[in-house]
Each structure stands twice: as structure tokens, then as C-alpha cells.
Amino acid sequence: MKLLNIKHSLRFKLIIGFVTIAVPLVGLLLYNNYYASNTIREQVADSNKNSMILYSHQIEASLNKETNFLYNIALEDPNIAALSQLRENTDEYYLTKARILNTLTRYHRFDKSVDLQFIYSVKTRDLFNTPIQTSSYEELESIKTTIEKVVTGVKPDSDYFREWKAIEYGQEKYALIRLVDTGDGFYLGAFVELENLMIPLDLIHLEDGFASFVNSRGELITNTSAIGGHLLDTSLASESNEVYQVINKDDRKYVVVMNRIQGTDVILGAFVPESQMLKNLYHFRRVIVLISIAAFITLIIYLVYLNDIILKPMNNLIRGMRRIKHGDWDTRLHSSKSKEFAIINETFNGMASEIHDLKISVYEEQIKAHKAELKHLQLQINPHFLLNSINIVYNLAEIKNYGVIQLMCMNLVKYFRFTTKTNQVAVTIAEEMEHMESYIKIQQVRFPERITYAFRIADQAEHAAIPPLLIQPFIENAIKYGFDFMDHPFHIEIDIRLPGEDQLEIMIRDNGNGFPDDVLRQLQSGTFKASRDGQHLGISNVQYRLKHIFGQKASLSFDNAPEAGARIKIVLPFRTVEQFTSY
């Protein structure tokens with residue numbers, strides 16, 4: 001419920017209105033920045049992709065030229081064919097090897113596409129190669145050992161005879177190797193270090209970026225520490241200029257473009273720092289951040305300002321209205337900084353004073369009308385019983401029973417002495433029960449030995465106060481409608497007890513015919529009303545008086561006892577005679 005009230009508040013609607021305007025604007029700025037970043041990223045990727053494709057084609061051409069040279073030597077050089085026939089002649093064999101190496105060396109005086117070439121004899125496991133230019137003896141031995149390992153373990157259907165394969169010849173050092181089978185038990189081969197292929201590539205303008213070769217598993221085999229253990233998606237190594245990927249290393253982000261080098265199992269990749277390509281957008285990003293912060297600060301200032309001139313006076317006005325609604329008529333509003341709210345508050349204070357005075361006047365008039373109505377209801381009982389009593393005396397006079405008439409008149413005098421106290425708002429239970437006893441004795445005079453009664457009053461209950469003549473209408477109706485000259489006397493019981501704190505319960509029951517079903521349903525549903533000829537006026541009278549005096553604190557219920565007779569239960573607050581003075 002509280003959340004629902006917040007959603008309908010003026011403050012919530014103002015915030016929503018501001019957010020509705022600010023969020024799309026900030027979102028548009030962020031989208032523009034995102035779009036610009038993507039556009040620049042794509043342009044840089046496209047530029048570097050073209051460079052990668054161009055250099056990849058150069059590498060492919062150089063390696064294809066070397067491959068063609070190896071095939072030509074294997075097919076056309078007579079020294080290669082003579083090697084297999086000169087194995088037994090040691091001198092000629094070594095002279096032939098020397099002539100082949102001289103041919104390879106002369107070729108590489110003009111072509112530096114590979115680092116070395118070699119010939120391997122499968123039968124004699126003899127490996128000889130062109131000179132190797134290295135910076136250390138350890139590297140030289142590492143290269144020789146790696147080549148021997150490859151050629152001794154290679155099989156005729158190996159990929160080494162179909163393409164250039166990347167091999168590791170030292171710690172984090174890789175090279176490409178290619179083999180050609182001469183068909184006479186000899187292998188021709190070429191070996192090129194990847195680091196040497198990278199030297200011309202460094203001339204490409206990558207600023208703070210770098211280039212690297214990548215194997216088929218997506219691992220870097222040059223500049224291996226540049227991106228740590230990240231694996232690249234090699235499926236993106238196509239010639240499409242729109243294909244790139246982004247990786248993160250520490251706090252740096254790289255845009256990666258790759259191109260597969262045909263005829264090899266390696267991929268050429270360029271790594272461009274995103275910070276370099278987007279450096280011209282950084283000030284734009286700062287502007288967006290500053291705008292967002294400014295919008296947030298403006299929202300706070302805006303809400304504080306509105307709260308001071310509109311929301312706070314509005315809340316004070318609402319609280320004042322709620323206090324007035326709950327009966328706090330002394331509530332007054334203070335003056336406001338806003339002229340409009342100052343007028344509203346002044347008008348509110350004037351209306352509150354007028355409503356307070358009017359409320360008091362109306363309340364006093366209601367009390368007077370309430371007392372007059374109760375007095376009228378109470379006086380209705382007297383003529384009603386008087387008519388019944390005169391009717392009884394009349395019936396006795398018809399049978400000329402003068403002794404009974406005298407006894408009846410004496411009880412009537414005692415009865416009407418009590419009913420003439422019309423100025424009393426309340427009487428005690430003791431006084432009411434004494435009056436009821438007089439009434440029942442009048443009925444006993446009329447019907448000798450046909451009516452009995454019993455009163456049971458709990459301790460302290462006789463001091464309780466009730467409206468006068470509250471019980472009599474039910475006794476009168478019981479005798480009038482329940483007494484039917486039964487075989488046994490008609491018995492009336494009245495039990496008065498205190499069931500709980502500040503509660504009084506009056507139970508009236510008899511052993512007569514009980515309520516008819518239709519009348520009982522009306523009484524229990526609250527739809528029972530007195531008839532126009534005055535029948536059941538007493539019950540309606542009691543209902544009205546209980547409602548006016550006690551409201552919802554009193555209850556009146558009707559039912560029939562299982563064995564026989566009617567039962568009426570009255571529950572009302574416990575009060576003394578003094579507590580009824582306000583009624």
C-alpha cells in the first residue's frame with residue numbers, strides 16, 4: 001500500500017519525468033560513442049587486415065618459390081640422382097654432396113627467403129646442410145637436432161611433404177620446415193626461422209601494436225608473452241576485411257586481425273591496441289561522463305529546489321488534512337516561501353477554524369437530538385403498558401372479581417410509581433428487577449398459579465446501570481405470545497452475570513412456544529420492524545435505544561431453546577449510573 005502511494009506521489013512523478021528526459025539523452029550520447037568506437041575499430045581493422053593480406057601473399061610467394069626450387073633440384077640436378085649410386089664410393093659421394101651444397105649456396109647468394117637448406121639420406125641417416133648463421137653455438141646445435149628429429153621420424157605420407165610446418169627448435173623459438181622426397185631415398189629440405197620472417201613485417205605501421213604468427217590452436221608462436229595464455233579464434237583468419245576479434249591483456253585491449261598463409265599451417269596476425277585507435281575519442285568519452293555526472297547533480301539540485309518550494313509545502317498540507325480528518329482540529333499550517341502556498345495555508349487555517357466551530361455546534365445539536373430521541377423512546381413504553389394494564393383491569397371487571405381488581409390496582413400503583421421517573425437516563429439492575437417483579441406479579445394476579453419466575457443476579461451485577469424499562473418489553477412479549485395455557489406453569493427466568501471485564505450479560509428465557517420461524521429469521525437478520533398497529537413496538541424500542549446509547553458495543557440476539565421456549569440475550573458495556581450522565 002505504501003509503495004502504491006509512492007508511485008502516485010508528486011515527487012515520484014517529477015523524478016520519473018526528469019529521468020524520462022535525461023536517460024534517453026545520455027543513452028544517445030553513449031550510443032554515439034559506441035557507434036564511433038565501432039566505426040574506428042572497423043576502419044583500423046580493415047587497414048591492418050589489408051596489410052596482413054599483402055604481406056601474407058609476399059610470404060606465400062617467397063615460400064612457394066623456395067618449394068619450386070627444391071622440386072627443380074630434385075628432378076633436374078644430376079648430382080641428386082648420382083648420390084644413390086655413389087654410396088659405395090666414399091670420395092665420389094662426398095664430392096657429389098659438395099657439388100649439391102655449392103649449387104644450393106650459389107642460389108642463396110641472391111635469395112634470402114630461407115635460412116638454410118639440407119639433404120638427408122634415409123638409408124645412411126646422413127644429414128648435410130648449407131651454412132647456418134646463428135648467434136650462438138647452442139642455437140646451431142638446437143637447429144641441427146630439431147631437423148634431425150624431424151627427418152628421422154617423418155613418414156612418406158607426412159604433412160611435411162605437402163606444406164610448410166611450424167616446429168619449435170628452442171625455448172619459445174619457432175621455424176618453418178618443408179621436405180621434398182627425391183624418390184631415391186633422399187630428402188631435400190628448407191628451414192626458415194619465423195623471427196626472420198617478422199623482420200620486414202615490423203616495418204608495417206602498428207604504432208604500439210605488434211605482429212605475430214599463430215598456430216592452428218590459436219597460440220602465439222612469436223611474441224609469445226604479448227597476450228599471455230589467451231587463445232585466438234582461428235576461424236576468423238579469413239580474407240574478409242570485416243572480421244576481427246578483441247582480446248584483453250591486463251588493462252589493455254587489442255583488436256586482432258588475422259590472415260592464414262596458404263601452403264603453411266601458421267596464421268599471420270596483427271595486434272593493435274584499442275587505446276591507440278580510440279585516443280581521439282577519449283575526450284568525447286570524458287565529455288559523456290561529465291554530462292552524466294552533471295545530469296545527476298542537476299537532478300539532485302532540481303529535487304532539493306522543488307522539495308523546498310513545492311513538495312515540502314504540499315506534504316505539510318497533506319499532513320494537515322490527514323490530522324483534520326482524524327479529528328485534530330487544532331492543526332494549523334505555517335507560512336510558506338511560495339506566495340501561492342502561503343495563500344493556500346492561510347485559507348486552510350481559516351477553513352480549519354470554521355470547520356472546528358461548526359463541528360462543535362453540530363455535535364452539540366446531535367447530542368440534544370440524541371437525548372430527545374432517547375427520551376421519546378423511553379416514554380413510548382409507558383402508554384403501551386398502560387393500555388395493556390387497563391385492558392387487564394377491564395377483563396377482571398367483566399368477571400366481577402373485585403378482590404383481584406384491588407390487588408391488581410395496588411401492583412399497578414407500585415409499577416407506575418417506577419415508570420413515572422421519566423427524567424432518569426439509567427437505573428440500576430436492582431431497581432429494574434424490582435420493577436420486573438411488580439410486573440410479573442400483576443400477571444400472576446391475572447393468571448393465578450399459571451406463571452412462575454426466577455431471578456439470578458451475579459455479585460456486583462446489581463450495581464450495574466441500564467436504560468429504564470430495558471427488560472420489560474421481552475417479558476411482556478413472552479407472556480403475550482408464549483403463554484398458551486399449557487399443562488404446566490409458564491416459567492420465566494432472568495440471569496444477569498458479568499462474563500468479562502467491563503461487560504454485562506442479561507439472559508431472558510421461558511418455556512413457552514418460542515418465536516415463530518418467520519419472526520425469528522427477521523429478528524436474527526436485523527430486518528424485524530414494529531407493525532403499524534403497534535405490535536412488537538417494545539422490541540424495536542429496545543433495539544433503537546441500544547444502538548443510540550452503546551453503538552456497536554452492545555448486541556441483542558434471539559433464538560429458541562432446544563427443549564422449548566424463547567431465549568433473548570443482551571450484552572452491553574458495564575456502566576454505573578454516574579457514567580450515564582453524558583446521555
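Strands β3 and β4 (residues 173-181) pair in the antiparallel sense over 5 bridges, where strands are DSSP runs of E with at least two residues, helices are runs of H or I with at least four, both numbered from the N terminus, and pairing takes at least two DSSP bridges between two strands. Within this pairing, glycine 170 has lysine 173 of β4 as its bridge partner. All of this comes from a predicted model, in which local features need pLDDT of at least 70 and side-chain atom pairs count only at pLDDT 80 or more, while totals for chains, interfaces and linings use all residues. Residues are numbered from 1 along each chain as its sequence is written, and side-chain values use heavy atoms, with hydrogens and water left out.

Zooming out, β3 and β4 belong to an open sheet of 5 strands, ordered β2-β1-β5-β4-β3 with antiparallel pairing. At the edges sit β2 (126-129) and β3 (165-170), each of which pairs on one side only. On average, neighbouring strands of the sheet are turned by 30 degrees against each other, direction ignored; axes here are lines fitted to C-alpha atoms, for helices over the stretch in contact, and angles between N-to-C directions run from 0 to 180 degrees. Helix α5 (residues 137-153) lies across β1 (116-121), β2, β3, β4 and β5 (186-193), and runs at about 135 degrees to β3; contact means heavy atoms within 4.5 Å.

On to the aromatics: the whole structure holds 8 aromatic pairs. Rings of Phe, Tyr and Trp (its six-membered ring) pair if their centres lie within 6.5 Å, with planes under 30 degrees apart called stacked, over 60 edge-to-face and the rest tilted. Phenylalanine 210 and tyrosine 254 make an edge-to-face pair, because their ring centres are 5.7 Å apart and their planes stand at 75 degrees. Phenylalanine 210 lies in strand β6 (residues 210-214) and tyrosine 254 in strand β8 (residues 252-260), so this pair ties together parts 44 residues apart in sequence. Both residues are buried (under 20% relative accessible area; exposed is over 50%, partly exposed in between, with a 1.4 Å probe and protein chains only).

Tyrosine 453 and phenylalanine 455, with ring centres 5.1 Å apart and planes at 45 degrees, form a tilted pair. Tyrosine 453 is partly exposed at 24% relative accessible area, and phenylalanine 455 is also partly exposed, at 23%. Tyr120, Phe161 and Tyr187, in turn, form one aromatic cluster.
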